[in-house]
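I opened this notebook to record what I looked up in the structure shown below. The entries follow the order in which I took up each topic.

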Amino acid sequence: MNLKDRWGRLDPATQKWLIDNPGCQILPRTITAVISKESGESLPTGQHGEAAVSREDQDFIRSKLNDFPKA
């Protein structure tokens with residue numbers, strides 16, 4: 001999926017969702033649709049509209065953890 005290239009186009013709320021779920025391996029279809037809309041690019045999805053999160057994307061999300069204040 002390559003979230004690193006799309007990150008700057010994502011809404012802060014979407015970024016926060018990803019930060020709050022750094023170990024997610026499959027994005028729910030609602031989040032997949034939001035990311036596709038915000039980035040202007042369709043994500044490859046399964047039959048239920050879910051998108052796989054690569055290990056590289058998980059590592060990238062974890063690298064962004066310090067960018068968001070803790071609640």
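Which residues of the largest nonpolar core touch the most other members? I noted first that the model is predicted. The largest nonpolar core has 14 residues, and Leu-3, Trp-7, Leu-10, Leu-18, Leu-27, Ile-35 and Ile-61 are those that touch the most other members. I then looked up which elements give two or more residues to this core, and found α2 (12-20), α3 (29-39) and α4 (55-63).

I next took up Ile-35. With its neighbours within four places in sequence left aside, Ile-35 contacts Leu-3, Leu-10, Leu-18, Leu-27 and Leu-43, as well as Arg-6 and Thr-14.

I turned to the aromatic rings and found 1 aromatic pair in the structure.

My last entry concerns Ser-39, which I located in helix α3. Is Ser-39 buried or exposed? Its relative accessibility is 6%, and the cut-off for buried is under 20%, so Ser-39 counts as buried. Not counting residues up to four places away in sequence, Ser-39 touches Arg-6 and Arg-9.

Notes. Residues are numbered from 1 along each chain as its sequence is written. This is a predicted model: local features need pLDDT of at least 70, side-chain atom pairs count only at pLDDT 80 or more; totals for chains, interfaces and linings use all residues. Side-chain values use heavy atoms; hydrogens and water are left out. A nonpolar core is a set of buried Ala, Val, Leu, Ile, Met, Phe, Trp, Tyr and Cys residues joined through side-chain atoms within 4.5 Å. Buried means under 20% relative accessible area, exposed over 50%, partly exposed in between (1.4 Å probe, protein chains only). Helices (H or I, at least four residues) and strands (E, at least two) are DSSP runs, numbered from the N terminus. Contact means heavy atoms within 4.5 Å. Rings of Phe, Tyr and Trp (its six-membered ring) pair if their centres lie within 6.5 Å; planes under 30 degrees apart count as stacked, over 60 as edge-to-face and the rest as tilted.
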